[in-house]
Amino acid sequence: MVDYSVWDHIEVSDDEDETHPNIDTASLFRWRHQARVERMEQFQKEKEELDKGAGECKRRLSECQRRLKELEVSGNGKGELEKLQAEAQQLRKEEKSWEGKVEELRKKEKNMPWNVDTLSKDGFSKSVFNVKAEEREETEEQKEKKHKTFVERHEKQIKHFGMLRRWDDSQRCLAENPQLVCEETANYLVIWCIDLEVEEKHALMEQVAHQTIVMQFILELAKSLKVDPRACFRQFFTKIKTADQQYLEGFTEELEAFKERVRGRARARLEKALRDYEEEERRKRLGPGGLDPLEVYESLPPELQKCFDVKDVQMLQDTISKMDPTEAKHHMQRCIDSGLWVPNAKGGDGGGGDVPGVPEGVPKANGGRDPAEP
């Protein structure tokens, strides 16, 4: 027995129905056809808006992941890194939401009845794309090992590429060394830019930054085309050499934004190094009781500070005798714990007894000159 249910979802032609003699048949058919065309156009518009929204979400997620990778490679900007991680998580949720909407629209399209405009299709139209196969995501340890091995092999060629400026020279260099067209080269150039900025080689940093953006544009083009970056770097140079003003302005804006990010990370690295140095110096200054002599000195009353400035034991004893015993004991114990006061030490004047001294790094009230110096 033949199953005719497949024909239940076919919308009959607009001009096949019989109509009442009092009805203008031609007008009715035109109205039916127009209504169906408008429904199809509305559906197509909704589909295009969904595709556009899903594509924009993916683009933002890709940009966020690229910036995350730069931060992870540089090792700076912990606060910004956390902010970008939260943003990436939110964008992944939005991407799933868009994918759900697209899938729902596809189901709706599948259930729509066929009509004369949708029954026929091109029978022999075919397009073939070389699509890069999906790769399993590497672990951080694997990425680090891969990057280290790559740099050891190709560091000289990467630095040569980083020092180029003309489009033709850059294209020729990559044509001779296609293995450089990869994420590892881009990561190395980013780190090199930050190192140069830290070393205050600003002009050289800007030169290498230009080549960094060139490499990143090539990688982004490869992602959009879903091909190996080595297969499309010539397309980038062809496009950039004949680009319109808008495309060149986009390249320049991205370059300037990247240089600002490099300067910010260089400042953050210097500030961290300074904080680490100051903390190390503070640890070196700590006295036997674990107190910082600089902090203890600055907390002393002015009359006690003066005694340590001039290193006068008698003045110190006279000052302490005039103070409240509890307060005097508190200050002197803190001096001992910080190393400002060394009990049972010999004085610089040859006499015996306890000798107060101002350690290195503690400011002196008499203009900065140590009276113990000749």
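# Helix packing and cores: worked exercises

Glu183, Thr185, Ala186, Leu189, Val190, Trp192, Cys193, Leu196 and Glu197 of helix α6 are in contact (heavy atoms within 4.5 Å) with His202, Leu204, Met205, Val208, Ala209, Gln211, Thr212, Met215, Gln216, Leu219 and Lys223 of helix α7. The model is predicted: local features need pLDDT of at least 70 and side-chain atom pairs pLDDT 80 or more, while totals for chains, interfaces and linings use all residues. Residues are numbered from 1 along each chain as its sequence is written, and side-chain values use heavy atoms, without hydrogens or water.

## Exercise 1

Classify the residues in the contact of α6 with α7, then describe the packing of α6 and α7.

Solution. Step one sorts the residues: 12 are nonpolar, five polar and three charged. Here Ala, Val, Leu, Ile, Met, Phe, Trp, Tyr, Cys and Pro count as nonpolar, Asp, Glu, Lys and Arg as charged, and the others, Gly among them, as polar.

Step two gives the geometry: the axes of α6 and α7 lie 9 Å apart, at an angle of about 160°. Axes are lines fitted to C-alpha atoms over the stretch in contact, and angles run from 0 to 180 degrees between N-to-C directions.

Step three names the arrangement: α6 and α7 are therefore roughly antiparallel, a term for angles over 145 degrees. The crossing of α6 and α7 is left-handed, that is, the near helix is turned anticlockwise from the far one by less than a right angle.

## Exercise 2

At what angle do α11 and α12 pack, and which residues make the contact?

From α11, Glu303, Leu304, Lys306, Cys307, Phe308 and Val310 take part, and from α12, Met315, Leu316, Thr319 and Ile320. Seven of the residues in the contact of α11 with α12 are nonpolar, one is polar and two are charged.

## Exercise 3

Locate the largest nonpolar core and name its residues with the most contacts inside it.

Solution. A nonpolar core is a set of buried Ala, Val, Leu, Ile, Met, Phe, Trp, Tyr and Cys residues joined through side-chain atoms within 4.5 Å; buried means under 20% relative accessible area, exposed over 50% (1.4 Å probe, protein chains only). The largest such core has 34 residues, and Phe161, Leu174, Ile218 and Phe237 have the most contacts inside it. At least two of its residues come from each of α4 (140-162), α5 (167-176), α6 (183-198), α7 (202-225), α8 (233-241) and α9 (245-285). Apart from this core lies another, of 13 residues, including Tyr297, Leu304, Cys307 and Leu340.

## Exercise 4

Which residues does Leu174 touch, and is Leu174 buried or exposed?

Solution. Leu174 belongs to helix α5 and is buried, at a relative accessible area of 0%. Leaving out residues up to four places away in sequence, Leu174 touches Phe161, Leu180, Val181, Met215, Ile218, Phe233 and Phe237. Phe161 is 13 residues from Leu174 along the chain, with 8.0 Å between the C-alpha atoms.

Phe237, counted the same way, touches Trp167, Ser170, Gln171, Leu174, Val214 and Ile218.

## Exercise 5

Solution. Most residues other than glycine have a negative phi. Glu200 is exposed, at 61% relative accessible area. With 55% relative accessibility, Lys226 counts as exposed.

## Exercise 6

Summarise the protein as a whole by its helices and strands, its buried residues and its contacts.

Solution. There are 13 helices and two strands, taken as DSSP runs numbered from the N terminus (helices H or I, at least four residues; strands E, at least two). Of the 374 residues, 30% are buried. Of the contacts between residues at least 6 apart in sequence, 65% join residues at least 24 apart.

Key:
Angles under 35 degrees count as roughly parallel, over 145 as roughly antiparallel, 65 to 115 as roughly perpendicular and the rest as oblique.
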